[in-house]
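Let's get to know a protein model together.

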Amino acid sequence: MTMSFIVIYLGLLMILCLSEHTDSRATIRSFSDAVWFSLVTLTTVGYGDVMPVTPLGYAVGVVFLLLSAGILMTLFGAAISFVTSEGLPLFVLGFQRKKNWYYFADYGAEAGTLAENIYKEDPAAVIIFGEKRDDRREFPDYPCLFINVSPARIVARKKNIGTRCKVFLMKENDIGVNSRAVDLHTLPVEVYARTTNGQDHLSENISFFHSYDCCARQYWRSKPLCSYENTIVLIGFGNYGHSILERAILTNVISVDQHVAYHIFGDAKEFLAVHNQLHKMFSMEKVSKTSDSLIFHDEFWEIHHEILEQADRIIICTDDEPEGWNVFWRLKKFYKLRGNIHLHSNRRAPGVSYFGTNEEIYTPNQIMRTSLNRAAIMINEIFCRSVSYPTLSWEELDDFHRESKISAADHLLMKIRILLNDDTITEFAPDILEKAYEAYSENKKDESVLDQYRRLDHMRWLRFYTFYNWSYGRERNDAAKQHPMLCTYSELTDEQRKERDAAWELLGSILWS
């Protein structure tokens with residue numbers, strides 16, 4: 001239609017020129033004069049400086065007059081449509097291709113919180129929500145665009161300039177049902193999809209994150225296990241309870257002589273059925289004085305007054321937040337407690353030790369695991385350099401063995417606390433990291449201390465593999481989940497013991513980087 005309009009317009013101009021230039025009275029003597037007359041007429045300005053004098057010229061003038069109203073309405077409508085639809089935002093995006101783009105398939109509380117945290121870290125970020133803005137919704141306090149277009153349209157607009165666009169699917173298990181997720185694996189983007197299963201990757205550019213796992217990681221990071229704590233109670237064993245216990249099993253290793261008892265109240269049948277090798281590393285039926293214990297209670301937590309009153313901390317991690325608050329108030333009202341109560345809640349209240357708010361969970365570092373993955377890659381590089389047998393690079397590792405390195409990186413903050421003998425450290429501050437590595441460098445000169453460090457990391461490594469149901473085998477067999485190092489520390493060879501140094505040496509690698 002556009003091409004037809006242009007052809008007709010040019011034809012009318014040619015007719016006007018041909019009909020006028022032979023008449024001595026004519027003021028329209030060139031093509032440019034014809035264009036000027038058409039524009040003045042179509043816009044209804046009518047200066048009168050040029051005008052047709054021939055019958056055919058008058059006819060063309062009448063056509064331009066009749067078209068003027070329609071063209072003005074069309075142009076006005078197009079301008080309104082451009083401003084109110086996706087045209088203007090897409091046009092604006094064209095000038096920001098070198099910036100980092102973050103595309104959210106939908107707008108919601110979680111997406112809004114993550115976008116706000118991204119903006120705090122990267123004020124130049126271009127944040128895009130793939131839907132129209134609801135008039136009833138308050139506009140976010142950070143710059144963003146609401147564009148109801150697919151990721152493919154956004155990618156096409158970026159034209160591979162600058163960094164890859166990052167795409168977020170923030171609803172649980174959204175990648176299987178959201179139409180915006182179709183063919184994402186074919187686009188030059190990085191995709192982060194929220195899920196409830198244990199998968200970490202779908203393809204090279206699609207990664208999954210688990211909000212429950214993010215919550216558990218943040219919990220043990222901000223409220224770490226302390227050396228004086230021996231009894232911990234978990235009330236509620238749904239998604240959050242599972243993740244918090246999992247992180248405790250994999251991360252809470254602070255001494256080879258520790259004997260922490262975890263009392264778990266909730267339905268644990270499925271958890272115990274899946275993780276059927278835990279008895280090899282934990283006392284499962286009674287509290288032990290020589291190893292950590294996992295005591296699962298089928299009864300109501302309310303009847304165990306003695307356990308609750310002796311607990312060093314009580315973690316209320318029910319999936320239903322109002323139920324958690326109900327548990328909290330009953331504990332405060334009817335029980336004599338000496339330990340701290342930590343409540344999973346997205347609501348803040350004075351005098352309550354809470355965890356798991358959206359602001360804590362939905363951060364770029366939590367969702368994209370940038371620093372954690374970077375540390376895990378460093379551990380693998382150190383490990384590859386320290387052994388004599390062939391090893392795999394990070395790109396060649398499967399999800400399980402990547403997770404093994406990530407678990408080692410997760411324990412790094414605990415190692416810093418151990419080296420500095422300080423249970424209050426919750427952040428990787430550069431000065432703290434430097435002090436920790438200096439302490440390690442000095443302490444490892446003592447063979448007995450170095451041996452304790454290796455024992456500790458071997459204990460952490462054993463807990464990881466046991467959690468995923470691996471067992472001892474004379475030769476490594478990934479398909480059968482067997483490994484020759486799943487034995488006591490005293491049975492390891494000297495080279496196998498030295499492998500445990502990689503996770504400690506990571507402190508120096510991070511410091512130098």
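Here are some friendly questions with worked answers.

This is a predicted model, where local features need pLDDT of at least 70 and side-chain atom pairs count only at pLDDT 80 or more, while totals for chains, interfaces and linings use all residues. Residues are numbered from 1 along each chain as its sequence is written, and side-chain values use heavy atoms, leaving out hydrogens and water.

Q: Which residue does the side chain of R217 meet in a salt bridge?
A: A salt bridge is a side-chain nitrogen of Lys or Arg within 4 Å of a carboxyl oxygen of Asp or Glu. For R217, the N to O distance is 2.8 Å. The partner of R217 is D410.

Q: Are R369 and E403 buried or exposed?
A: Buried means under 20% relative accessible area, exposed over 50%, and partly exposed in between (1.4 Å probe, protein chains only). R369 and E403 also meet in a salt bridge (3.9 Å, N to O). By accessible area, R369 and E403 are both buried.

Q: How does K444 count at 27% relative accessibility?
A: K444 forms a salt bridge with E505, their closest N and O atoms being 3.0 Å apart. Because its relative accessibility is 27%, K444 counts as partly exposed.

Q: How many salt bridges does a search of the whole structure find?
A: Some salt bridges share partners, and these join D213, R217, E246, R247, R369, E403 and D410 into one network. For the whole structure, the search finds 26.
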